[in-house]
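These are my notebook entries on one structure. I set down what I looked up, entry by entry.

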Amino acid sequence: MMQVLLKDSIAPLFNLRRPALIRIFSWLKTASGQKKRFSVAKYHLDTISQETVHHTAKSGFQTSKLYDQVRPTYPKEAVKLLIGKLGISRQDRSSNQPLRILELGAGTGKFTDVLQKVLRDSNVEIIASEPVLSMREEFEQNFPTLGMKDFSAENIGLPNGSVHAVIAAQCFHWFANEKSLSEIQRVLVPGGKLGLVWNVRDHSVPWVKEMDDDVILPLYVQSNTPKAQSGEWKRLIMASDKFGSLEGDESLKTEQILTLDEFVKRLLSISVIAIKSEKEKKMEIDKIKSILNKHKLGTDTVILPYKVEMYWCERA
């Protein structure tokens with residue numbers, strides 16, 4: 001007789017959408033006939049995780065190795081500033097009260113890498129999570145000793161009041177909704193804080209602004225894809241009763257020095273370009289190369305400048 005894991009699984013079934021329920025009971029019936037073991041609890045978590053990932057992210061970030069190779073890292077100075085604002089100190093290993101940080105949407109670990117270095121020899125536990133499989137696989141190769149959790153921001157698989165800070169680097173705009181805010185509030189301890197950070201292309205540099213305004217940002221509109229620059233995520237937090245006032249810092253800058261080939265690969269790591277056909281990708285890249293030529297850039301190297309935008313707020 002088929003064994004079904006029922007622990008903590010029946011109640012969540014009532015929250016599933018009808019198509020998901022149909023798939024579950026169809027698979028249960030098949031599994032029963034084949035005398036196979038099936039976990040309703042695991043299916044519930046996996047289904048929810050996939051359903052809450054935006055379609056552009058799901059398709060556009062399949063090239064996780066490329067993403068890891070060409071995306072910028074974060075300045076240590078910025079990471080230190082952010083964790084300071086979140087109330088995370090470099091506690092000694094002997095401390096009896098370790099602090100726990102949850103990093104949502106950790107991706108391939110670009111932010112995690114710097115966070116680990118900044119918190120070295122501290123009694124701080126980092127819990128990384130990522131709902132996109134290819135990203136998790138790349139993360140696990142980069143950090144074989146650091147566990148990676150498979151859950152989305154809308155369904156955080158941690159107990160109530162279990163972390164002291166939640167950080168989302170380069171990703172909060174993907175899941176800026178009431179459900180994720182409720183989940184983040186739930187897992188934070190009283191007085192815990194949410195920290196957000198983005199490396200944003202610096203529009204004070206004319207060719208960068210022209211590239212974004214004329215080529216890249218319109219692709220977000222065409223594909224109905226969330227973007228950090230829209231500010232919708234900010235309005236959501238400011239209107240929410242789940243967190244206190246939103247504070248921020250945009251004073252720090254960083255840059256990538258890239259060959260033209262590396263610059264092209266950097267562009268191809270942008271989700272709204274990555275989802276295009278090969279022909280369409282070439283068209284968009286050619287438009288950007290024309291902008292570089294117009295500004296007499298790109299013959300040897302391309303310096304791509306960023307502003308490091310950081311925000312934080314306290315759990316209400």
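**Entry 1: two helices.** I looked up how helices H6 (residues 76-85) and H7 (residues 110-118) lie to one another, and found that their axes come within 10 Å and cross at roughly 75°. Helices (H or I, at least four residues) and strands (E, at least two) are DSSP runs, numbered from the N terminus. I took the axes as lines fitted to C-alpha atoms, for helices over the stretch in contact, with angles running from 0 to 180 degrees between N-to-C directions. H6 and H7 are therefore roughly perpendicular to each other; that word covers 65 to 115 degrees, while angles under 35 count as roughly parallel, over 145 as roughly antiparallel and the rest as oblique.

I then listed the residues in contact (heavy atoms within 4.5 Å). From H6 these are Lys76, Val79, Lys80, Leu82 and Ile83, and they meet Phe111, Val114, Leu115, Lys117 and Val118 in H7. Sorted by class, this contact has seven nonpolar, three charged and no polar residues. Nonpolar here means Ala, Val, Leu, Ile, Met, Phe, Trp, Tyr, Cys and Pro; charged means Asp, Glu, Lys and Arg; the others, Gly among them, are polar.

**Entry 2: the model and its numbering.** I noted that this is a predicted model, in which local features need pLDDT of at least 70 and side-chain atom pairs count only at pLDDT 80 or more, while totals for chains, interfaces and linings use all residues. Residues are numbered from 1 along each chain as its sequence is written, and side-chain values use heavy atoms, with hydrogens and water left out.

**Entry 3: Val79.** Leaving aside residues up to four places away in sequence, Val79 touches Tyr74, Phe111, Val114, Leu115 and Val118. Val79 and Val114 are 35 residues apart in sequence, yet their C-alpha atoms are 7.3 Å apart in space.

**Entry 4: strand S9.** I looked up S9 (residues 301-314) and found ten of its 14 residues buried, so the strand is largely enclosed by the rest of the structure. Which strands pair with S9, given that pairing requires at least two DSSP bridges between two strands? Strand S7 (residues 188-201) runs antiparallel to S9 and is joined to it by nine bridges; here Leu196 has Tyr311 as its bridge partner. Strand S8 (residues 247-259) also pairs with S9 in the antiparallel sense, over eleven bridges, and Leu258 stands opposite Val302.

**Entry 5: salt bridges.** I searched the whole structure and found 17 salt bridges, each a side-chain nitrogen of Lys or Arg within 4 Å of a carboxyl oxygen of Asp or Glu. One of them joins Lys253 and Asp202, at 3.1 Å from N to O. This pair links distant parts of the chain, for Lys253 is in strand S8 and Asp202 in the loop between S7 and helix H10 (206-222), 51 residues apart. Lys253 counts as exposed at 52% relative accessibility, whereas Asp202 is buried at 4%.

Lys307 is partly exposed at 21%, and Glu309 is buried at 14%.

Asp241 and Lys242 form a further salt bridge at 3.9 Å. Asp241 is exposed at 64%, but Lys242 is buried at 14%.

Technical notes
Buried means under 20% relative accessible area, exposed over 50%, partly exposed in between (1.4 Å probe, protein chains only). Two strands pair if DSSP finds at least two bridges between them.
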